[in-house]
Amino acid sequence: MAEAANQTPRTNPPTAILAGESGRFVVALGGDWSAPNARACEAEAGRIAAAIPADGVVRFDAGGLGRLDTLGAWVLARLQHELRQAGARVALDNAGTAHRILFDEIQYKPLEQQEAKRSFIVIDILTDIGAAMVDAFYDLVNGIAFLGSFVVAAGKVVTGQSRFRLASLVAQLERVALRSVPIIVLISVLVGGIIAQQSVFQLQSFGTVHFVADLMGILVLRELAVLITSIMLAGRTGSSFTAELGSMKMREEIDALRTMGLDPIEVLVVPRITALILSLPLLTFVSSMAMLFGGGMVALLYGGVSPEVFLSRLQGAIGLNTFVVGMLKAPFMALVIGIIACIEGFAVKGSADSLGARTTASVVKAIFMVIVVDGLFAMFFASIRY
Amino acid sequence: MPQSRDIANGAIQPKGDAIIRVRDLEVKFGDKAIMDGLNLDVMRGEILGFVGASGTGKSVLMRTILGLIRQSRGEITVFDQDLAALSVQEHEEIEKRWGVLFQHGALFSSLTVRQNIQMPMREHLSMSPRLMDEMAALKIDLVGLKADAADKYPSELSGGMIKRAALARALALDPEILFLDEPTSGLDPIGAQDFDDLIATLQRTLGLTVFMVTHDLDSLSGVCDRIAALAEGKVIAAGPIETMMAADHPWLRAYFHGARARRGSLDTGQFRASSKT
């Protein structure tokens, strides 16, 4: 039974038996002219169309027809139409009652062929580049506009003109900060360990293994902790903000808020971005400690640097400014991630595709912007020699 | 074998034998039995309207027949084959012979209407691209959509158009049974009437068997050959509208003689007239 996967076993192949001479033909239809036999139906119709001369007189005898569905009726209607177009005289008779109804209902209508637009690859590429530039410009404009409306909404909360949503903020804080701690700690310990290991190997050739503490301290506190934490949160929290707001947009929940006289920015965006701005510095601190711990462990295991030496080197190498530089960047990273995630969320349209595309865009743009902002900060701090 | 069941030869098929037979069905969610010893027959070539209060499990029954929910007891026979006893491939063969219109359309949002209709054809049938385009255009025409709807995405369609497009997709494989879950919900009365007429026309031309979950009294009185009512996990009454009107189960009395029914055409005795015009 299951030998032919695409052919339903219960059908008989469609047949059209041609008889007649001197320009007068009878086509006896038989078998099942139905969807599972689509190929065979088309082949039979093509055979008949080729066999009948342009000025022939054809009578289709539907008396022996088995199963007939819209596909079979359509193929037969198309065949009759093509024969008539060629100049033949065509008639169909002997159809059973149910078949008659179907033949009457299914009338051949030529499909309007849409002209495929011609395209040249060079022009397409240039068009894409141009569109991408324009999009990037609008992204920037939108970002600034959104930042503005966020500041206004946050300002209203601060000045007491609108309600401070403590419950919402706490709920977001738990999701953004608390539940991120385990993964951030894990990743940070590993990254710290890996960097310390490579440093130890390089420093060993100079006989200055204990400098690993200086290196780790400055690298982790200034750059690495805040970067890793930001990238993790862009992936973990930014994507979930986009998906949440996007699916709310799809189900008209955001429109519902607007009609109740509530500002979606104030209700949805302010608690989320505020939570992100509060969480990211905290998580950056957690990440720094975890990285230094991981680095210290590896320095002990691979380089034989004892914890006492590691800590005292660390104390000498870093000042308050090293720590402040890293922590100062964190809230800005949070703002960048939050703004991008919320803009992308609000930009979701009706389809599932669009939700996926926007979530991807949110994470990719956020990570890119985090690194750009980090670079800008590096230039800034270098020029003020901090 | 099903071979002998295939009544073709162009004769109008008799509305005699049951195409879906449900016996002693029990469906449980946790400890709660939604269906409890339910029996139901759907006859070949009829339009069966299925009613019941909200939350009694009308959709659950439909989903159980479709194989989306597993029963804990009982037997469901479709095309004379016991669904529980079928292999995956045999079940697939059955699935090609029914079409489903979900309550909210369930169109694939990333595909255009044309691609939605062609999806089952592409997967299950072998046909030339030209014929596939023509068949999609034909189905779109059959359900009363304009040709330019073909290249639209579901998010660009109105509620009524989504229902029609979803119906076109349900008809893509020329099914023998059509399952409709609240086909007229969310449509205006004129749109609902049009949709009822469309289903009746399609049923006549294509010889479909239609299983329709509905709350629309006009649909029930207008297009349904028989009505089955669900309560307490069982079919409490089944039969033509006259039987339902005469039934004395309190819920049925409230349903068919309530204010909404009286305001409509049910109690005035002309309930069949409207749909046949």
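Reader: Where is B:Glu232 placed in chain B?
Author: Happy to start there, bearing in mind that this is a predicted model. B:Glu232 is not a glycine, yet its phi is positive, about 50°. In chain B, B:Glu232 belongs to the loop between strand E9 (226–231) and strand E10 (234–239).

Reader: Is B:Glu232 buried or exposed?
Author: The cut-off for exposed is over 50% relative accessible area. B:Glu232 has 61% relative accessibility, so B:Glu232 counts as exposed.

Reader: And B:Asp174, is that buried or exposed?
Author: Good one to look at next. Most residues other than glycine have a negative phi, but phi of B:Asp174 is positive, near 50°. B:Asp174 is found in the loop between helix H5 (159–170) and strand E7 (177–181) of chain B. Its relative accessibility is 13%, and therefore B:Asp174 counts as buried.

Reader: What kind of pair do the rings of A:Trp74 and A:Tyr108 make?
Author: Over all chains, a search of the whole structure finds 13 aromatic pairs. For A:Trp74 and A:Tyr108, the ring centres are 5.1 Å apart and the planes are at 40°, so this pair is tilted.

Reader: How many residues apart in sequence are the parts that this pair of A:Trp74 and A:Tyr108 ties together?
Author: Both A:Trp74 and A:Tyr108 are buried. A:Trp74 lies in helix H2 (residues 70–86) of chain A, while A:Tyr108 lies in the loop between helix H3 (97–105) and helix H4 (121–158), so the parts tied together are apart in sequence by 34 residues.

Reader: What about B:Trp98 and B:Phe179: what kind of pair are they?
Author: Here the planes stand at 90° and the ring centres are 5.6 Å apart, so the pair of B:Trp98 and B:Phe179 is edge-to-face.

Reader: How many residues apart are B:Trp98 and B:Phe179?
Author: B:Trp98 is buried, with 8% relative accessibility, and B:Phe179 is buried with a relative accessible area of 0%. B:Trp98 sits in strand E6 (residues 98–101) and B:Phe179 in strand E7 of chain B, so this pair links distant parts of the chain. Their separation is 81 residues.

Notes. Residues numbered from 1 in each chain as written. Chains lettered and ligands numbered in written order. Predicted model: local features only at pLDDT ≥ 70, side-chain atom pairs only at ≥ 80, totals over all residues. Heavy atoms only, no water. Helix = DSSP H or I, 4+ residues; strand = E, 2+ residues; numbered from the N terminus. Buried < 20%, exposed > 50% of the residue type's maximum accessible area, 1.4 Å probe, protein only. Phe/Tyr/Trp six-rings, centres within 6.5 Å; stacked < 30°, edge-to-face > 60°.
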